[in-house]
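Please examine the sequence and the structure shown below. The paragraphs that follow lead through selected parts of it, step by step.

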Amino acid sequence: MTTAAIIGGGVIGGGWAARFLLNGWNVRVFDPDPEADAKLAPVLAQARRALPSLTDVALPPEGVLTFHSDMAEAVSGVDWIQESVPERLEIKHAVLASVQAHCPPDAIIGSSTSGFKPSELQQGAARPGQIMVCHPFNPVYLMPLIEVVPSPQTDLALVEKAEGILRTLGHFPLRVRKEIDAHIADRFLEAVWREALWLVKDGVATTEEIDEAIRMGFGIRWAQMGLFDTYRTAGGEAGMRHFMAQFGPALKWPWTKLMDVPEFTDELVDLIAGQSDAQSGHMSISQMLAARDDNLVGMMRALKANNWGAGAVINAHEAALREGTVLGAHAGDLEDVSAPILTVRRAVPLDWTDYNGHMNEARYLQAFGDATDRFMALIGCDAEYIATGGSYFTAETHIRHVDEALAGATIEVRTQVLAGAGKKLHLFHEMFEGDRLLATGEHFLLHVSLETRRPSEPSPAIVAALDRIAAAHADLPTPEGAGRAVGQRP
Ligand SMILES: NC(=O)c1ccc[n+]([C@@H]2O[C@H](COP(=O)([O-])OP(=O)(O)OC[C@H]3O[C@@H](n4cnc5c(N)ncnc54)[C@H](O)[C@@H]3O)[C@@H](O)[C@H]2O)c1
């Protein structure tokens, strides 16, 4: 079992702890604050609600979380140390020295620092090669980006290892090729922040108007295409060159005040804090955090459907989660197919629940549809086969809703073949949360030619894979509820 030590369990350390823990790592938290476990609890609760929503495959079982006040105990034998202590260089130096006195020499030491360069962190270190910046974004358990910044002294093999591990956690490691104060992303954020402070100070816009200008417009655009691709598309067919020719000269106009920083007077702080209270004081911070997570999950799941940007990262994580499990297997890989086959194992995502707080009936169909798709892939009717012109089409569906499921619950679907010969495929799915039966779904499908749109024989490979499972399932008892018509009760 892999273990991470989280040094400093505040906003950022807590997010890291949740990301590791929910991806099956054991986590040891070192923080001198006696309230460290109480501080982490709400972050962990938020992460448990939101992170499993991203993928359509369940995350591995959670690791074990422990709290430590002894550094040797916290970092001995660990694979990863993530430093997230306050942003003061002397504190970071003292903490890194203490970490290196006790940790394995080949463990990864990542620093969450927003501003310091890795070479600054490495000053006076026993083994500078082990230290790199791994700069996350809040909430660490949802945001994919980690800016990975080595200095010329950092061991590049260790950097590559760190990037591989970050991918297994569902992160997107972005290697920063040249160390620089504040890395890449925070330099933008500072520019935007400065501009916003001026706009408020000069009475041009309120905090709310500035937020609307972002979230109603370029904020959504940036989330999916970034800056350069957005401008490329704005240039029309002629692309980036045209865009630059058209708008380049505007850069010389005296629009921004970026080089000046407005003075942080009490008056400015009062102005901004007052406007912010007027804007959002009616919501508690925990309400805002829940809304933030709901929105982030929804947006990233939309990108996932398009296999784009942050969504493509989720799909890659999901493919890795399937690998080596029955959820990624081909029927030929399975030695024993005599029991109903696991076709779905996932969390109920935040956007699957309705006004009653439980899974919406349409999502039961979605989960059973996913189970059928997975069964088709298992017998060889996968994307590659479908591209050759054959597929199964669903002709009939019957769902029985037996019990409720709430957001975050892990559901499993097991699939029994009631009949599978020639063009016909008759499946019976049972959905469980633990031992609790939530629903059954019965699907009758026909194999069709995608050219004629008429029923047709499946390929010999599919026939053989299906025959084997159908023969094995012929000995199973007919499940309770199979063949039931709507409204019939036992
Ligand atoms: N807040 C953000 O949005 C954000 C984003 C990315 C990176 N960061 C970086 O992450 C780091 C931590 O920031 P934060 O916002 O989580 O701060 P925070 O104040 O919320 O948390 C810091 C934690 O470190 C603990 N701590 C203090 N001294 C310590 C020591 N000697 N050993 C171990 N723990 C100690 C504190 O008790 C506290 O729990 C900073 O370097 C910051 O630049 C912050």
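The model is a predicted one, in which local features need pLDDT of at least 70 and side-chain atom pairs count only at pLDDT 80 or more, while totals for chains, interfaces and linings use all residues. Residues are numbered from 1 along each chain as its sequence is written, and side-chain values use heavy atoms, with hydrogens and water left out.

An oxygen atom of the ligand is 2.6 Å from an N or O atom in the side chain of Lys 92. For the side chain of Ser 114, the distance from an N or O atom to an oxygen atom of the ligand is 2.8 Å. A polar backbone atom of Val 11 is 3.1 Å from an oxygen atom of the ligand. The protein covers 73% of the 830 Å² of accessible area that the ligand has on its own, as computed by the Shrake-Rupley method with a 1.4 Å probe.

Side chains of opposite charge can pair when their charged atoms come close. Is Lys 92 buried or exposed? Lys 92 counts as buried because its relative accessibility is 1%, the limits being under 20% for buried, over 50% for exposed and in between for partly exposed (1.4 Å probe, protein chains only). Glu 87, with a relative accessible area of 37%, is partly exposed.

The whole structure holds 23 salt bridges. In one of them, the side chains of Asp 294 and Arg 49 meet at 2.7 Å, N to O. This pair links distant parts of the chain, 245 residues apart: Asp 294 belongs to helix α12 (residues 285-305) and Arg 49 to helix α2 (residues 36-50). Asp 294 is partly exposed at 33% relative accessibility, and Arg 49 is partly exposed at 33%.

Another salt bridge joins Glu 412 and Arg 345, with the closest N and O atoms 2.8 Å apart. Glu 412 lies in strand β11 and Arg 345 in strand β9, 67 residues apart. Glu 412 is buried, with a relative accessible area of 19%, whereas Arg 345 is partly exposed at 29%. Strand β9 (residues 341-347) has six of its seven residues buried. Over six bridges, β9 pairs in the antiparallel sense with β11 (residues 410-421); two strands pair if DSSP finds at least two bridges between them. Within this pairing, Ala 347 stands opposite Thr 410 in β11.

Salt bridges also form a network that links Asp 56, Arg 301, Lys 304, Glu 318, Arg 322, Arg 346 and Asp 351.

Definitions and conventions:
Helices (H or I, at least four residues) and strands (E, at least two) are DSSP runs, numbered from the N terminus. A polar contact is a pair of N or O atoms within 3.5 Å; within protein, one must be able to donate a hydrogen and the other to accept it, and residues adjacent in sequence count only if both atoms are side-chain atoms. A salt bridge is a side-chain nitrogen of Lys or Arg within 4 Å of a carboxyl oxygen of Asp or Glu.
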